[in-house]
Amino acid sequence: MTTSRRLLVLIAATATAALYGADAPASWQEHCAKCHGDDGKGDTKMGHKLNIGDFTTSEMQTKFTDEQAAKAIKTGLTDDKGKMRMKAIEGLSDDQVKALVTFVRTLKK
Ligand code: HEC
């Protein structure tokens with residue numbers, strides 16, 4: 001491989017990684033769907049166990065602000081008794097968290 005080709009491959013790989021990082025649907029699938037479901041309805045085994053609200057309803061969407069949503073993703077959520085409801089999702093950049101909050105808003109039907 002010539003040096004310029006190698007450089008091209010490197011640039012392509014970096015661009016893919018950057019794209020993936022900003023790809024909220026992909027990170028939703030990876031980090032969130034097992035509890036909240038692909039469509040955000042919470043119709044999953046974990047969702048039922050945790051009695052998760054349905055993100056497709058305006059009732060659920062008005063329960064939290066964007067700031068609260070970002071905080072839940074970054075630091076997790078506990079109930080009134082301090083019991084863990086949603087654990088902090090680690091390894092996300094601020095941009096990814098922001099993109100996920102935007103994504104959650106698009107789940108509303
Ligand atoms: C271990 C299961 C689990 C995972 C994984 C999970 N959540 Fe949650 N999440 C919950 C539970 C439980 C609640 C509380 C829902 C309720 O009270 O109806 C919640 C609530 C929320 C809320 C509402 C916050 C608030 O203040 O009420 C948002 C937004 C949210 N999750 C987004 C996400 C995103 C985005 C991801 C992935 C990065 C994610 N969740 C991953 C279980 C999970």
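Student: What is the geometry of the site of the iron atom of the ligand, and how do I read it from angles?

Tutor: The general idea is to look at the angles among the donor atoms, and six donors count as octahedral if opposite donors are over 155 degrees apart and all others lie between 65 and 115. In this structure, which is a predicted model, the iron atom of the ligand has six donor atoms with angles of 86 to 179 degrees among them, and its site is octahedral.

Student: Which residues are the protein donors of the iron atom?

Tutor: They are His-36, through its atom NE2, and Met-86, through its atom SD, and they lie 2.0 to 2.1 Å from the iron atom.

Student: Is His-36 buried or exposed?

Tutor: A residue counts as buried when its relative accessible area is under 20%. His-36 has a value of 12%, and therefore it is buried. Helix α2, in which His-36 lies, covers residues 24-36. Leaving aside neighbours within four places in sequence, His-36 is in contact with several residues, including Trp-28, Thr-44, Ile-52, Phe-55 and Met-86.

Student: How many residues surround the ligand, and which are the closest?

Tutor: There are 21 residues around the ligand, and the closest are Cys-32, Cys-35, His-36, Gly-53 and Met-86. For polar atoms, one reads the distance of each pair: a polar side-chain atom of His-36 is 2.8 Å from a nitrogen atom of the ligand, a backbone N or O atom of Gly-53 is 2.7 Å from an oxygen atom of the ligand, and a polar side-chain atom of Arg-85 is 3.0 Å from an oxygen atom of the ligand.

Student: Which members of the largest nonpolar core touch the most other members?

Tutor: In soluble globular proteins, nonpolar side chains tend to be buried together. Here the largest nonpolar core has 20 residues, of which Trp-28, Phe-55, Phe-64, Ile-73, Leu-92 and Leu-100 touch the most other members. The elements giving two or more residues to this core are α2, α5 (66-75) and α6 (94-106), and the largest share, five residues, comes from α6. Leaving aside its neighbours within four places in sequence, Ile-73 has contacts that include Met-86, Leu-92 and Leu-100.

Student: Where is Glu-67 placed, and is Glu-67 buried or exposed?

Tutor: Glu-67 is in helix α5, and because its relative accessibility is 60%, Glu-67 counts as exposed.

Conventions: Residues numbered from 1 in each chain as written. Predicted model: local features only at pLDDT ≥ 70, side-chain atom pairs only at ≥ 80, totals over all residues. Heavy atoms only, no water. Helix = DSSP H or I, 4+ residues; strand = E, 2+ residues; numbered from the N terminus. Buried < 20%, exposed > 50% of the residue type's maximum accessible area, 1.4 Å probe, protein only. Contact = heavy atoms within 4.5 Å. Core = buried A, V, L, I, M, F, W, Y, C linked by side-chain atoms within 4.5 Å. Donors = N, O, S within 2.8 Å, 3.2 Å for Na, K, Ca; no water. Tetrahedral: all angles 85-135°; square planar, octahedral: opposite > 155°, others 65-115°. Near = heavy atom within 4 Å. Polar contact = N/O pair within 3.5 Å; in protein donor to acceptor, adjacent residues only side chain to side chain.
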